[in-house]
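Reader: Walk me through how to read the features of this model, taking them in turn.

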Amino acid sequence: METVSCDFCGSVESRLVTQQTDKLHATTNQIFNVVECLKCGLHSTNPRPTSAEIGRYYANTYSFHEVASPLRRWAARLATIFANSSLGMLADLVPAVGNRLAPYVKPEIADPVRDYYASGGQGAFLDIGCGAGISAHFWGGQSSLRTCRRFIPVAGVEVAEQARTSLMKAGIEVWPDLSSVPEERRFGMIRMNWSLEHVHSPAAYFAFVKDRLLPRGRVMVAVPNYGGLIYKVAPDCIEVPIHLYHFRPVDIENYAKRFGLRLVSMQTFSYPHMFIAAAKVGLLPEAFGKATSLRSAKAFQAALHQFDHSGMGNDLIAILELND
């Protein structure tokens with residue numbers, strides 16, 4: 001374990017915000033602190049596992065390192081489409097089916113990677129924290145490296161050896177860390193897709209992005225929003241210790257300004273399953289786990305809509321571009 005100064009401003013002065021153990025993955029009973037920097041407000045897990053230690057806190061079944069079967073991927077995709085369609089409500093006529101579909105209820109969020117290239121964006125696509133290249137988190141397989149390579153040159157950065165091996169077997173260029181990416185390589189689109197919260201130095205990643213983007217290239221940063229509703233209700237509803245930083249929109253804006261990146265857009269969003277899963281493991285009161293039918297999940301999603309548009313969604317997506 002190590003105690004570190006603030007990654008953004010270097011201050012060593014902080015206050016304790018909350019404490020929690022690994023309730024989600026159950027890799028340890030150790031208690032971890034989340035602190036807020038008294039100078040710039042950045043929240044972090046501190047003390048934290050070192051780079052050499054952090055691997056032991058990732059469960060063997062950590063989803064984005066897994067190599068799921070094509071059948072499983074298609075089943076998840078079809079379930080998402082059906083659950084969010086008007087026909088999906090018919091599933092509640094069979095409660096067992098409706099309950100299985102409820103976790104797939106989510107808002108419709110445009111895919112920034114596809115939007116960039118569809119609007120004329122140029123250059124290769126680099127996915128930092130790409131896992132096995134099978135799922136792009138919220139967008140699933142349709143925005144994964146394995147899918148994107150059908151229409152653009154792609155490459156990835158991924159720390160998990162098993163995931164890298166799978167990508168290399170599929171013919172996708174992948175590196176274990178930023179320092180391994182050849183210095184001459186430049187990219188039109190760089191995605192940090194729910195990966196920045198896992199790294200030991202976000203500043204190093206923003207510096208990399210600034211140096212490696214092509215002119216008018218863009219970076220997508222997607223992270224949990226520590227200013228979101230779920231964290232207002234329960235500040236200790238966190239994924240420790242593998243989440244080392246707990247960003248709010250202002251933190252992403254501060255990093256962007258420091259590294260000469262312009263904020264193109266930012267949005268926050270939520271979906272019911274995050275509340276349900278958190279309640280299931282005791283991170284939220286049981287009442288938040290009640291939306292288990294498809295009808296109740298959709299009603300919950302509608303209620304979350306206003307919080308999303310006020311900046312209190314539980315996840316945020318920022319699109320950044322190099323300043324001219």
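**Cysteines and burial**

Author: Cys130 is buried, with a relative accessible area of 4%. Buried means under 20% relative accessible area, exposed means over 50%, and partly exposed is in between (1.4 Å probe, protein chains only). Cys237 also counts as buried, at 6% relative accessibility.

Reader: What should I know about the model before going on?

Author: This is a predicted model, in which local features need pLDDT of at least 70 and side-chain atom pairs count only at pLDDT 80 or more, while totals for chains, interfaces and linings use all residues. Residues are numbered from 1 along each chain as its sequence is written, and side-chain values use heavy atoms, with hydrogens and water left out.

Reader: How many disulfides does a search of the whole structure find?

Author: A disulfide is a pair of cysteine sulfur atoms within 2.5 Å. The search over the whole structure finds zero disulfides. Cys130 is in none, and the nearest cysteine sulfur to it, that of Cys148, is 11 Å away.

Reader: What is the position of Gly131, and is it buried or exposed?

Author: Gly131 sits in the loop between strand S4 (125-128) and helix H4 (145-148). Helices (H or I, at least four residues) and strands (E, at least two) are DSSP runs, numbered from the N terminus. Gly131 is buried, since its relative accessible area is 1%. In sequence, Gly131 and Glu158 are 27 residues apart, yet their C-alpha atoms are 6.0 Å apart in space.

Reader: How do I read a pair of packed helices?

Author: Two packed helices are described by the angle between their axes and the distance between the axes. Axes are lines fitted to C-alpha atoms, for helices over the stretch in contact, and angles run from 0 to 180 degrees between N-to-C directions. Here helix H6 (residues 202-212) packs with helix H8 (residues 249-258) at an angle of about 50 degrees, and their axes are 10 Å apart. That angle makes H6 oblique to H8; angles under 35 degrees count as roughly parallel, over 145 as roughly antiparallel, 65 to 115 as roughly perpendicular and the rest as oblique.

Reader: In which hand does H6 pass H8?

Author: The crossing of H6 and H8 is right-handed. A crossing is left-handed if the near helix is turned anticlockwise from the far one by less than a right angle, and right-handed if clockwise.

Reader: Which residues of H6 and H8 meet?

Author: From H6 come Pro202, Ala203 and Phe206, and from H8 come Tyr255, Ala256 and Arg258. Contact means heavy atoms within 4.5 Å. By class, the contact of H6 with H8 has five nonpolar residues, no polar ones and one charged. Ala, Val, Leu, Ile, Met, Phe, Trp, Tyr, Cys and Pro count as nonpolar, Asp, Glu, Lys and Arg as charged, and the others, Gly among them, as polar.

Reader: Now the backbone. Where are cis peptide bonds found?

Author: One joins Asn46 to Pro47, with omega near 0 degrees. Another joins Val240 and Pro241, with omega about 0 degrees. Pro47 is in the loop between strand S3 (43-45) and helix H1 (70-83), and Pro241 is in the loop between helix H7 (229-233) and strand S9 (245-246).

Reader: What does Pro47 touch?

Author: Leaving out residues up to four places away in sequence, Pro47 touches Met1, Glu2, Thr3, Phe32 and Asn33. Pro47 and Thr3 are 44 residues apart in sequence, with a C-alpha to C-alpha distance of 4.4 Å. Pro47 is partly exposed, with a relative accessible area of 31%.

Reader: Which residues other than glycine have a positive phi?

Author: Trp194 is one of them, with phi near 50 degrees, and Arg216 is another, with phi near 65 degrees. Trp194 is in the loop between strand S7 (187-193) and H6, while Arg216 is in strand S8 (residues 213-224). Trp194 is buried because its relative accessible area is 8%; Arg216 counts as exposed, at 53% relative accessibility.

Reader: Where is Asn99, and what does it touch?

Author: Asn99 is in helix H2 (residues 95-101) and is partly exposed, with a relative accessible area of 38%. Not counting residues up to four places away in sequence, Asn99 touches Thr292 and Ser293. The C-alpha atoms of Asn99 and Thr292 are 5.5 Å apart, though 193 residues separate the two in sequence.

Reader: And how is Ile81 placed?

Author: Ile81 is in helix H1 and counts as partly exposed, at 45% relative accessibility. Ile81 and Val105 are 24 residues apart in sequence and 9.1 Å apart in space, C-alpha to C-alpha.
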